[in-house]
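Please keep the sequence and the model in view while reading.

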Amino acid sequence: MISRKAIIRLSTLLAILSWVSLVFTDLSIVFSSTSNVAPSVGSHIPPILLSVFIISIFLYYKYRIEKAESINFVDLLWKVFVSGLVATIVSLLFRLLLNLLGNTKLAENVIFLDFIYLINLGLVAGFLVSTFIVWKRLILYQKSKFLLATWKIFEYGLFLSLLYNLLDIPAFTWFEDVYKGILVLIGVVLSANMKWVAFLNFKQKWKGILLIALAMFYLGYFTFTLTGFAVDISEVTTSFQDFRDSIFLIAIMSFIFVYSLFSLLVILFNLPTSSVFEQKLEEVVNFQRLSQSIQTEQSEDRVYDILLESSISTVLADAAWIEEIAEDGKSLFHTHNIQEDEIKRIKAHFVANDVKGILDKGSDRTKNLGKHLATLKGTHFRSMMAFPIYVKGKQEATLALLKDVSDGFNKENAKIIDTFTNQAGISVENFRLLSEALQNERYKEELKIAKNVQSSLLPKELDQNDDFNLVAFSEAADEVGGDYYDTLKIDEHQTAIIISDVSGKGTSAAFHMSQMKGVFHSLAQVGMDPKSFLTMANNALSKCLDKASFITTSYFVINTKKKVVDFARAGHCPTLYYDSKIKEWQFFQNKGLGLGILRNSGFENYIQLNSFTYNPDDIIVLYTDGITEAKNSKGDEYGYDRMLEVVSKMTDKGALGIQDALIDDLYKFTGTPVIDDDYTTLIIKFK
């Protein structure tokens with residue numbers, strides 16, 4: 001098998017020979033045309049040599065850039081800048097030479113002009129192909145089957161255009177415009193893939209803007225230069241290698257310009273995110289879902305199911321499994337889109353090939369796995385990464401993720417899934433510890449203390465106002481709960497209202513609840529807006545919450561003078577609101593991340609400030625997830641739709657009437673006074 005270095009050397013040699021031959025043959029044809037002598041070289045030779053030259057430099061850059069190990073996006077853009085800079089400098093030197101020659105016969109000689117034109121054409125072709133390869137790496141970052149197929153069609157279409165340019169069939173000249181249009185259209189579709197931009201920090205984005213802008217400048221300069229030479233030469237003779245007749249060059253120039261423009265605009269619009277990766281939002285939301293859901297589940301199997309679902313959603317895996325290792329050595333599988341027989345064949349294949357390092361903590365956990373999967377008959381998977389799940393330092397399970405495409409996972413995927421598995425291990429461990437603690441007498445004493453603490457945290461009376469009525473209900477699942485609500489009169493016209501849900505239950509939740517109360521009463525009286533309040537609260541709580549805990553919160557400020565409600569959400573359940581003016585209910589889906597999940601200065605980017613003007617008879621229903629996730633004997637959840645159905649029938653009732661109807665229907669639905677999670681509601685009705 002030919003090595004990568006050998007291919008690079010061979011393609012370099014072929015490129016040099018084909019370009020020199022192109023210059024010689026094209027100059028010969030131009031000389032023959034201007035001298036009215038029979039050409040010694042056929043007019044079909046230069047297009048062939050140009051095609052060979054383009055294919056040679058394509059192979060060169062393919063193995064220099066596309067096959068390189070590094071995938072640093074700024075480094076890739078730097079390669080475009082360097083290749084464009086070198087080509088531009090050489091081109092400018094020849095332009096300077098022409099200026100120095102002035103109006104001399106040599107400067108006006110068509111053969112000399114054609115020579116300089118061919119040099120520029122070679123430089124431009126090198127720049128275009130190198131940029132094309134870089135754009136390919138950027139577009140195919142986190143590739144999918146559809147994207148990969150579309151790119152192959154585009155790439156094959158470009159190279160078929162080289163073959164088409166060799167055919168001089170007048171009857172088919174109309175086809176060129178259609179061909180160019182199709183390639184440009186596919187290029188525009190591919191140019192919409194900008195996932196790599198989200199992984200640039202603030203400094204890298206500015207570098208990217210500069211480098212892409214320079215690449216666009218190079219492209220514009222080369223287009224202007226080549227067009228100028230082509231026009232000058234065509235006034236004397238048409239028997240030269242005119243780049244304007246090349247479908248390949250026109251299509252690739254259009255594609256590079258469009259993708260450069262799209263990239264520039266996308267990076268500019270993403271600048272406000274500074275160093276926060278936009279793609280991390282979905283990953284963190286999945287992490288929040290994983291953590292929050294685990295706290296409400298009653299079995300370890302459900303923890304693994306949630307881990308499997310979250311991991312697949314985050315990295316867009318085509319299949320996955322979790323293998324629980326039982327004490328008797330038997331395995332229990334949780335699977336998605338893969339059968340146990342195929343799992344066993346994959347494991348046996350890795351053992352037979354002595355593949356090491358799949359489950360270690362190294363950064364190369366996905367290295368070469370695709371190569372080994374490719375040798376396994378009967379499977380369509382080509383990428384795999386696997387993670388051990390540890391509980392108290394002992395491996396209890398293994399998570400494996402697979403994709404149909406090769407090199408389908410990257411280091412960012414590995415990092416977030418590693419975080420998921422660590423959280424799952426912590427949650428399983430906490431679940432077991434809680435089960436053991438409940439059997440301990442000392443834990444009962446701690447619960448008594450926590451119950452006394454919690455009873456003092458919830459307000460005995462809520463702040464009322466002439467503009468609204470406010471009622472609350474709270475019932476803890478255990479001796480103590482993690483739900484918290486409160487009000488605070490900021491001044492004569494402003495009232496702050498909060499509802500929170502601490503992850504977990506028991507004493508830790510109660511003490512975190514007390515910390516939330518302290519933060520609320522300290523910050524709310526300052527009168528800051530809800531977004532600032534949640535940002536400051538996150539800063540304060542991040543220093544005292546343990547790493548496995550977080551607090552979801554909704555915070556409202558009612559201004560009775562302006563008749564305005566300002567609010568923000570930190571990962572809490574969507575607020576249910578009734579607009580009496582249009583007589584419609586809606587859930588406020590404003591974005592937000594739980595307090596204590598993201599413990600750095602970027603937290604405020606995940607909080608959205610909203611406001612609305614209220615009218616008489618408007619209703620706000622606040623609640624915790626214990627309400628919507630309450631289950632009946634069949635395992636069905638109470639859900640958002642049933643809650644909305646109940647309260648929508650009570651719009652003519654007061655806040656207390658709405659609350660009573662909701663709680664009565666909830667207990668009727670579950671059929672038991674025993675609850676699995678805390679029930680808390682806080683209902684506001686405006687007068």
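**Orientation**

Leu100 lies in helix 3 (residues 73–101); helices (H or I, at least four residues) and strands (E, at least two) are DSSP runs, numbered from the N terminus. The model is predicted, so local features need pLDDT of at least 70 and side-chain atom pairs count only at pLDDT 80 or more, while totals for chains, interfaces and linings use all residues. Residues are numbered from 1 along each chain as its sequence is written, and side-chain values use heavy atoms, with hydrogens and water left out.

**Nonpolar surface**

- Leu100 is exposed, at 66% relative accessibility; buried means under 20% relative accessible area, exposed over 50%, and partly exposed in between (1.4 Å probe, protein chains only).
- Together with Leu85, Ile89, Leu93 and Leu96, Leu100 makes a nonpolar surface patch of about 480 Å².
- Patches are made of residues with over 30% relative accessible area and no salt bridge, like charges being joined within 9 Å and nonpolar side chains (Val, Leu, Ile, Met, Phe, Trp, Tyr) within 5 Å.
- Accessible areas come from the Shrake-Rupley method with a 1.4 Å probe, and for residues only the protein chains shown count as cover.

**Salt bridges**

- The structure holds 8 salt bridges, each defined as a side-chain nitrogen of Lys or Arg within 4 Å of a carboxyl oxygen of Asp or Glu.
- One of them joins Asp404 and Lys145, whose closest N and O atoms are 2.9 Å apart. This pair links distant parts of the chain, 259 residues apart: Asp404 is in the loop between strand 4 (394–403) and helix 14 (411–438), and Lys145 is in helix 6 (residues 145–165).
- Asp404 is buried, with a relative accessible area of 14%, whereas Lys145 is exposed at 55%.
- Lys347 also forms a salt bridge, with Glu323, and the closest N and O atoms are 3.0 Å apart. Because Lys347 lies in helix 12 (residues 340–352) and Glu323 in strand 1 (residues 319–325), the pair ties together parts that are 24 residues apart in sequence.
- Lys347 is partly exposed at 34% relative accessibility, and Glu323 is buried at 9%.
- A further salt bridge pairs Lys563 with Asp467, the closest N and O atoms being 2.6 Å apart. Asp467 sits in the loop between helix 15 (441–457) and strand 5 (468–475) and Lys563 in the loop between strand 8 (551–559) and strand 9 (564–570), so parts 96 residues apart in sequence are tied together.
- Asp467 counts as buried, at 14% relative accessibility.

**Positive phi values**

- Lys563 has a phi near 60 degrees, a positive value in a residue other than glycine. Lys563 is partly exposed, with a relative accessible area of 35%.
- Asp617, likewise not a glycine, has a positive phi near 75 degrees. Its place is in the loop between strand 12 (610–613) and strand 13 (619–623), and Asp617 is partly exposed at 41%.

**Helix packing**

- Helix 5 (residues 110–139) and helix 9 (residues 247–270) pack at an angle of about 50 degrees, with their axes 10 Å apart. Helix 5 is therefore oblique to helix 9; angles under 35 degrees count as roughly parallel, over 145 as roughly antiparallel, 65 to 115 as roughly perpendicular and the rest as oblique.
- Axes are lines fitted to C-alpha atoms, for helices over the stretch in contact, and angles run from 0 to 180 degrees between N-to-C directions.
- The axes of helix 1 (residues 4–35) and helix 5 come within 10 Å and cross at roughly 150 degrees, so helix 1 and helix 5 are roughly antiparallel.
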